[in-house]
There are 4 protein chains.
Amino acid sequence: MRPLIVLNLKTYLEGTGEGAVRIAEACRDVGEASGIEIAVAPQLCDVYRVASQVDVPVYSQHIDGVGAGSFTGHVFARSVKDAGAVGTLINHSERRLNLADIEASITAAKGEGLRTIVCTNNIATTAAAAALKPDFVAVEPPELIGSGIPVSKADPEVVRGSVSAVERIDADVKVLCGAGISKGEDLKAAMELGSVGVLLASGIVKAEDPKAALEDLVSLI
Amino acid sequence: MRPLIVLNLKTYLEGTGEGAVRIAEACRDVGEASGIEIAVAPQLCDVYRVASQVDVPVYSQHIDGVGAGSFTGHVFARSVKDAGAVGTLINHSERRLNLADIEASITAAKGEGLRTIVCTNNIATTAAAAALKPDFVAVEPPELIGSGIPVSKADPEVVRGSVSAVERIDADVKVLCGAGISKGEDLKAAMELGSVGVLLASGIVKAEDPKAALEDLVSLI
Amino acid sequence: MRPLIVLNLKTYLEGTGEGAVRIAEACRDVGEASGIEIAVAPQLCDVYRVASQVDVPVYSQHIDGVGAGSFTGHVFARSVKDAGAVGTLINHSERRLNLADIEASITAAKGEGLRTIVCTNNIATTAAAAALKPDFVAVEPPELIGSGIPVSKADPEVVRGSVSAVERIDADVKVLCGAGISKGEDLKAAMELGSVGVLLASGIVKAEDPKAALEDLVSLI
Amino acid sequence: MRPLIVLNLKTYLEGTGEGAVRIAEACRDVGEASGIEIAVAPQLCDVYRVASQVDVPVYSQHIDGVGAGSFTGHVFARSVKDAGAVGTLINHSERRLNLADIEASITAAKGEGLRTIVCTNNIATTAAAAALKPDFVAVEPPELIGSGIPVSKADPEVVRGSVSAVERIDADVKVLCGAGISKGEDLKAAMELGSVGVLLASGIVKAEDPKAALEDLVSLI
């Protein structure tokens, strides 16, 4: 099976505005060359710019579970979809939501045909998120995020345990893993542990040459 | 003095995606014809689309007080600026921030040359917000937001009291008022109470003809 | 099976301070007379007063998933336990937590031997909460809370659906239901739908005679 | 002028349950011997226990700006007052509130005759908080909290600047300072910078002998 790679640009300066477009182009180029889906998750203000300028799958970094109405400053699924996104992260460890809002966000995203990736911090919350039937759960131990130490090496059990917990809850939900992932061997290890792909960020965005870093990432698949 | 009018599109369906562009065009046309500054505050995902397609001042509905870095799903001032905004709402009653974050958001916005409008709910919080030295404080009694009953009629004292409280704290800060504003007489009354403009939303966005509604709004100035 | 009844005193004036003690005494008296466990959930500042003065099971209305340390204003499980509580509500619809914090709160409560009741708003979130292995999940449709319309009559399907969803996830977790419950027939209906008890509040606390209201509540079991 | 000393017990194990009572007794003893007011701020579940067992001024670590009603898990001013507190911290850096809620909390506390200490993180937010007319603003640079490095030494300008900013806004509001304070020289320096007292925590609570640490604290006044 072909993995899904989602590159989260966070609020990195290198991935803001024109920088987001350039990194999205690298995702597109390496994705096309390798035949592996490499999506990009730019900041909210960059979703339209990236999606209208680059032929790459775009994910939002966040949506709220709100509908049309009086929700100033909130992220409405329709708006994300209209801007050209195909999916969204939900409940990233840097933008946590309460349980009712995670469920409402998944429902709102599905209503617009957006793919949903719910982020979680351990096996128990991964199981809970799977019960909400998103397309993917992405487990990321918070202490490894941005550490440069890949979760697949530092804590393989959290990935394996997440995969089997999700299977018991709902076999249609797939598992991604994240935190510290940046190299080809990390992605390979993540797949061998049963995940279907990875969520990554600083290891690529802050690399001297993001395109070369992406090429290395997919080199062992 | 020429008033400042800021039209908040919230997550109204009529003001999402292409709808945001159309309403922004109405703001531009009525603004040009009347010589009055009419700004538009679209959703985050629409800031770039509106700013790149319509020659109108664009405000963000929200920013966070974060810098470049690991802040997934947050609204980074640089990103708002790069997308073409000239200012931002902060602490709208539908997207409240804690005190330290309001201050950090103002600082972040000023660092990018964005104009800052801090929203408040009564005279005391207006005074507090003024001490943080934003460009504007916009006082909006929450119970009147979306009510169709203009604050200038229902509670003129909150506007007058806000104006004099802000003058005592920092005479460089200007006062807008909002909640229930939609007609020419509301704007006129708001100016007579000492505010320099208005923040409005549903009365225009949900009008059968937003452009005509804007023309009525500025007709008595 | 004997039901569990938990009476949430919220911040009702009738259930504050000495009022909390008097209502706890009514819970104790009706509990002893009927042989049914009637617990009381007073405000945080009243946990010690009620637990030290009345022989009744006391639940906290909230705990945080924090340990010992620099967490000013947070509710530490050890403190709740030391004050005499035997359990705690978690994630009430009026005090929602993010997913990671719900899991951390359950873990913290279990570490002190406190029983855990996670509140949820629909079938999907009930299933998710069950995956976190609390002792109970209490499903309460928010629109019925305080309505006087019992969930067992207005929306029996949410109770039945919650019971079967939880059974599929983890048969050790039990389901309570709440919202609009106050009479004997409501409790009877709740049990017949598969729940093991109820969470209630205003219908008893604001009754002219709370003790008589509790006697009516248990009269059909 | 006699300083005000407020000892925040946070969720330290040493200051939980019986530990809170013991530390409160040390505050009382040193306060009586020195003639200096030493108040204690225990956890919410310990307010009643401490206030009913020890003759010492008790502050809550937090209150919410809610009234009587459907506010499960919130901290109602009446409940804090009934439990025996004489005041409350508001907006501690570990329990921040949005601006509208800070104002509502001050109003709620004053309605019950509770003294109010609003915590802030820098000169600008101190000025803003002063505009809300609490009894005290306590400025604590977050990076120094728990550091053991006294704010009066590491950043005297934030104290001096806070004192003069508050004077300009409302001369009736007094300034406390905190972060890293634990010794007699720290308190002396804090007073010389224009503050009327200090907020402290770990330096005393985690001292081998808290009573001796308090005696040292007041030894130079």
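This is a predicted model: local features need pLDDT of at least 70, side-chain atom pairs count only at pLDDT 80 or more; totals for chains, interfaces and linings use all residues.
Between chain A and chain B, the number of salt bridges is zero. On the side of chain A that touches chain B, helices α2 (47-53) and α3 (77-82) of chain A each provide at least two residues. That side is made up of 13 nonpolar, 16 polar and seven charged residues.

The size of an interface is often expressed as the accessible area that is lost when the parts come together. For chain A and chain B, this buried area is about 3200 Å², with 55% of it on carbon and sulfur atoms. Within chain A, the residues that lose the most area to chain B are T11(A), C45(A) and T72(A), which together make up 23% of what that side buries. In total, 36 residues of chain A and 36 residues of chain B take part in the contact.

The salt-bridge count between chain B and chain D is zero, while four residue pairs, both at pLDDT 80 or more, are in polar contact across the interface.

Some chain pairs do not meet. Chain B and chain C are not in contact, and their nearest C-alpha atoms are 15 Å apart. Chain A and chain D likewise lack any contact, with their closest C-alpha atoms 15 Å apart.

The largest pocket has a volume of about 2200 Å³. It is lined by 48 residues, and those closest to its centre are R96(A), R96(B), N98(B), R96(C) and R96(D). Helix α4 (99-111) of chain A, α4 (99-111) of chain C and α4 (99-111) of chain D are the elements that give two or more residues to this lining. The lining of the largest pocket comprises 10 nonpolar, 18 polar and 20 charged residues.

The second largest pocket holds about 510 Å³ of space. Its lining consists of 24 residues, with A127(A), A131(A), I169(A), A127(C) and I169(C) nearest the centre. From chain A, the elements α4, α5 (123-130) and α7 (156-169) each supply at least two residues of this lining, as do α5 (123-130) and α7 (156-169) of chain C. By class, the lining of the second largest pocket has 15 nonpolar residues, one polar residue and eight charged residues.

Although the two interfaces described above have a salt-bridge count of zero, the count over all chains comes to 40 salt bridges. In chain B, a salt bridge is formed by the side chains of E185(B) and K153(B), with an N to O distance of 3.9 Å. This pair connects distant parts of the chain, as E185(B) belongs to helix α8 (residues 184-192) of chain B and K153(B) to helix α6 (residues 151-154) of chain B, 32 residues apart.

G113(B) sits in the loop between α4 and β5 (115-120) of chain B. Leaving aside residues up to four places away in sequence, G113(B) touches K81(B) and V86(B). The C-alpha atoms of G113(B) and V173(B) are 16 Å apart in space, and the two residues are separated by 60 residues in sequence.

Methods:
Residues are numbered from 1 along each chain as its sequence is written. Chains are lettered from A and ligands numbered from 1 in the order in which they are written. Side-chain values use heavy atoms; hydrogens and water are left out. On a 1 Å grid over the protein atoms alone, a cavity is a set of points where a 1.4 Å probe fits but cannot get out, and a pocket is an open set with protein on both sides within 12 Å along at least five of seven lines; lining residues have an atom within 4 Å of a point. Grid points are joined across faces, edges and corners, and a volume is the space filled by probe spheres set on the points. Helices (H or I, at least four residues) and strands (E, at least two) are DSSP runs, numbered from the N terminus. Ala, Val, Leu, Ile, Met, Phe, Trp, Tyr, Cys and Pro count as nonpolar, Asp, Glu, Lys and Arg as charged, and the others, Gly among them, as polar. Contact means heavy atoms within 4.5 Å. Buried area is the accessible area (1.4 Å probe) that two parts lose on being put together, summed over both. A salt bridge is a side-chain nitrogen of Lys or Arg within 4 Å of a carboxyl oxygen of Asp or Glu. A polar contact is a pair of N or O atoms within 3.5 Å; within protein, one must be able to donate a hydrogen and the other to accept it, and residues adjacent in sequence count only if both atoms are side-chain atoms.
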